[in-house]
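This report describes one protein chain, moving from its overall layout to selected residues. Please consult the sequence and the structure alongside the text.

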Amino acid sequence: MSDRKVVATNRKARFNYEILDTWEAGMVLRGSEVKSLRDGQMQLKDSYADIRRGEVWLENAHIAPYSFAEDGGHDPERSRKLLLHRREIDRLFGRIREEGLTLVPLQVYFVGGKAKVELGLARGKRTRDKRKDIVARQQKREMERARSHRR
């Protein structure tokens, strides 16, 4: 996807969770929020998605206020509605309820001028799983260093 302009990435999500499946959802935003997103002023740390009354909402995502907006712009921490098809929402709700999974935003980006969020259906990792990931990453780095020194 060459026309995808990434605004924010949740780097901790792939470390803290095992991502089982991903969905792309549109975001309902105000004008000053779109301007801030285009400036890259968003943080996804500690954010999550929640299903309430048949709608998906993005919680705890911080979009900094746009400095040139009139009347102070928007509330940086407000809940934002995400746009998915009814069939997708029902499928997600069923998997979350039955399997005890979580919806985590992985990335926010623009595609064709529209703000999108990539949601991951995730299962929390245990501490030992995280340690295994760290060890595997260190071993991979050491192998790469050894290869580069050999050349």
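## A polar contact at Asn10

A polar contact is a pair of N or O atoms within 3.5 Å; within protein, one atom must be able to donate a hydrogen and the other to accept it. In this predicted model, a polar atom of the Asn10 side chain lies 3.5 Å from the backbone oxygen of Leu44. Asn10 belongs to the loop between β1 and α1 (11-16).

Is Asn10 buried or exposed? Because its relative accessibility is 10%, Asn10 counts as buried. Setting aside neighbours within four places in sequence, Asn10 is in contact with Leu44, Ser47, Val104, Pro105 and Leu106.

## Overall architecture

The secondary structure of the chain consists of 4 helices and 9 strands. Read from the N terminus, these elements follow the order β-α-β-α-β-β-β-β-β-α-β-β-α. Along the principal axes, the C-alpha atoms fill a box of roughly 60 × 40 × 25 Å.

The chain has 151 residues, and 34% of them are buried. Its accessible surface comes to about 10,000 Å², with 44% of that area belonging to carbon and sulfur atoms. When contacts between residues at least 6 apart in sequence are considered, 68% of them join residues at least 24 apart.

## The largest nonpolar core

In soluble globular proteins, nonpolar side chains tend to be buried together. The largest nonpolar core here contains 27 residues, and the members that touch the most other members are Leu37, Met42, Val56, Leu82 and Leu119. At least two residues of this core come from each of β1 (4-9), β2 (17-27), β4 (48-52), β5 (55-59), α3 (86-99), β8 (102-111) and β9 (114-124). The element that gives the most is β9, with 4 residues.

Which residues does Leu119 touch, not counting residues up to four places away in sequence? They are Asp21, Thr22, Trp23, Ala25, Ala49, Val56, Leu82, Leu84, Leu103, Val104, Pro105 and Leu106. Val56 and Leu82 are among these partners, and both are also named with Leu119 among the core members that touch the most others.

Ser36 lies in helix α2 (residues 31-38). Its relative accessible area is 1%, under the 20% limit, and therefore Ser36 is buried. A polar atom of the Ser36 side chain is 2.6 Å from the backbone oxygen of Ala64. Not counting residues up to four places away in sequence, Ser36 touches Gln41, Ile63, Ala64, Pro65, Tyr66 and His74.

Lys132 is located in helix α4 (residues 127-150). With a relative accessible area of 55%, over the 50% limit, Lys132 is exposed. Between Lys132 and Val6 the separation is 126 residues in sequence and 29 Å in space, C-alpha to C-alpha.

## Aromatic rings and charges

How many aromatic pairs does a search of the whole structure find? The search finds 0 aromatic pairs.

Arg4 lies over the face of Tyr109, at 3.8 Å from the ring centre. The charged end of Arg38 sits over the ring of Phe110, at 4.3 Å from its centre.

Key: Residues numbered from 1 in each chain as written. Predicted model: local features only at pLDDT ≥ 70, side-chain atom pairs only at ≥ 80, totals over all residues. Heavy atoms only, no water. Buried < 20%, exposed > 50% of the residue type's maximum accessible area, 1.4 Å probe, protein only. Contact = heavy atoms within 4.5 Å. Phe/Tyr/Trp six-rings, centres within 6.5 Å; stacked < 30°, edge-to-face > 60°. Lys NZ or Arg CZ within 6 Å of the ring centre and 35° of its normal. Core = buried A, V, L, I, M, F, W, Y, C linked by side-chain atoms within 4.5 Å. Areas by Shrake-Rupley, 256 points an atom, 1.4 Å probe, with all protein chains shown as cover.
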